[in-house]
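Dear colleague,

Here is the structure I promised to hand over, followed by notes on what was found in it. Please read the notes with the model open beside them.

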Amino acid sequence: MRERIKLIAVIWLGWTIAGLFYIVQDMVPRLYSGSTVPWKYVFIGWMTGMYVCAALTPAVLWLSNRWPIERRIPYAVLHLCFSVIFSVAASSLEVPFLLLLHVFPARPPQPSLVDGVRIMLGFGLQGGIIRYWAVIALHAVYRAQKNAKSREREAFELKMQASELAQQLATAQLSSLKMQLQPHFLFNTLGAITVLIQQHKTAQAEAMVEKLGNLLRLTLEDVEVQEVPLWRELEFLRLYLSIEQVRFQDRLRVSIDAATALSDLLVPHMVLQPIVENAVRHGLGQSEEAVTIQVSASSTNGSLTLIVSDDGPGLLPPKPNHNGIGLTNTRNRLTRLYGNNAHLAIEQAADRGVRVTITLPIRTVLAEGALCD
């Protein structure tokens, strides 16, 4: 109802402005030439004609919507016929009002209704046709602007939907990469427990099962998140390494060094575990001596640097067509989370062993104790 009232108001206002234009156009030449201006005839005559057109405008708009002139050229011929009908109807309806108000533009005595219609059609038919086409043209322009805004809105909505879908896809891919890591260390740990049971090392097996339960609980608490504070990641890593220390006893030594000021910086969840697991498998597994794994965190030039190093035998020749799932997934996760702002580098340590360096952009926790997802 509000839209209809607004449309009616616009129609009547528009025709009122048109009537005032015709009145001014009629009076100015008379005033300029010094002739007497019949104010009553000019004002009432023009406004009556305009308001008759206003009353017929809703029908014109319906015809314009029914046969949009901008869609098909043959519709122009159809509207040409409608414009003639509109002009005849407007002139015929205007005559009774002009006769009733005694302002019919003709010398007295006033003509009959039929003669009045004939006179009005004689000099007003072309004007009615022009008014019809003016309404059609304005309506076509309005419809084109409305359609353009509608297309812009639809394009924006599609863009937002595409952005949301891309974000959901990225999240799903990150979750998939992350979930591949969790069974990875789980199977290795279960294999170690099986070996301990076969060796009748019941106490050690029970200790590993208990620690594995705590590790799984901690993993489930963060199953939905992609980034956690550094202190949370180190807590997870210490628990994982405690399981490996039960397995390897005195052969595995651990050193973790991270400043307290860096505790709230965000890192990818489980980003260090596959790196440390590789150090245990290739460093400790290929060495008969005890191996020390060092984990450190530092910040330089607006970046967070995580380093995992060991003093094992060093880099081994890569196996053909074999890429470690841990390092591959870690690289993929870093790329999807940070793009080119994150790097992972593997190199031979200065003395012996392997050094893995992860560089991340510094990102902080949004709220105290909150996790980022």
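Phe-21, Tyr-22 and Trp-46 form one aromatic cluster, where rings of Phe, Tyr and Trp (its six-membered ring) pair if their centres lie within 6.5 Å, and planes under 30 degrees apart count as stacked, over 60 as edge-to-face and the rest as tilted. The ring of Tyr-22 also has the charged end of Arg-131 sitting over it, 5.4 Å from the ring centre (this requires NZ of Lys or CZ of Arg within 6 Å of the centre and within 35 degrees of the ring normal).

Before going further, please note that this is a predicted model, in which local features need pLDDT of at least 70 and side-chain atom pairs count only at pLDDT 80 or more, while totals for chains, interfaces and linings use all residues. Residues are numbered from 1 along each chain as its sequence is written, and side-chain values use heavy atoms, with hydrogens and water left out.

The structure holds seven aromatic pairs. One of them joins Trp-12 and Tyr-51 in a tilted arrangement, with 5.0 Å from centre to centre and 40° between the planes. Because Trp-12 belongs to helix α1 (residues 2-33) and Tyr-51 to helix α2 (residues 39-66), this pair ties together parts that are 39 residues apart in sequence; helices here are DSSP runs (H or I, at least four residues), numbered from the N terminus. Trp-12 is partly exposed at a relative accessible area of 33%, and Tyr-51 is likewise partly exposed at 31% (buried means under 20%, exposed over 50% and partly exposed in between, with a 1.4 Å probe and protein chains only).

Tyr-132 and Trp-133 form an edge-to-face pair, 6.2 Å centre to centre with 85° between the planes. Within it, Tyr-132 is buried, with a relative accessible area of 1%, whereas Trp-133 is partly exposed at 25%.

As for the helices themselves, α1 and α2 pack at an angle of about 150°, with their axes 8 Å apart (axes are lines fitted to C-alpha atoms over the stretch in contact, and angles run from 0 to 180 degrees between N-to-C directions).

Lastly, Tyr-75 is found in helix α3 (residues 74-100) and counts as buried at 17% relative accessibility. Leaving aside neighbours within four places in sequence, Tyr-75 is in contact (heavy atoms within 4.5 Å) with Trp-67, Pro-68 and Ile-69.

Technical notes: Helix = DSSP H or I, 4+ residues; strand = E, 2+ residues; numbered from the N terminus.
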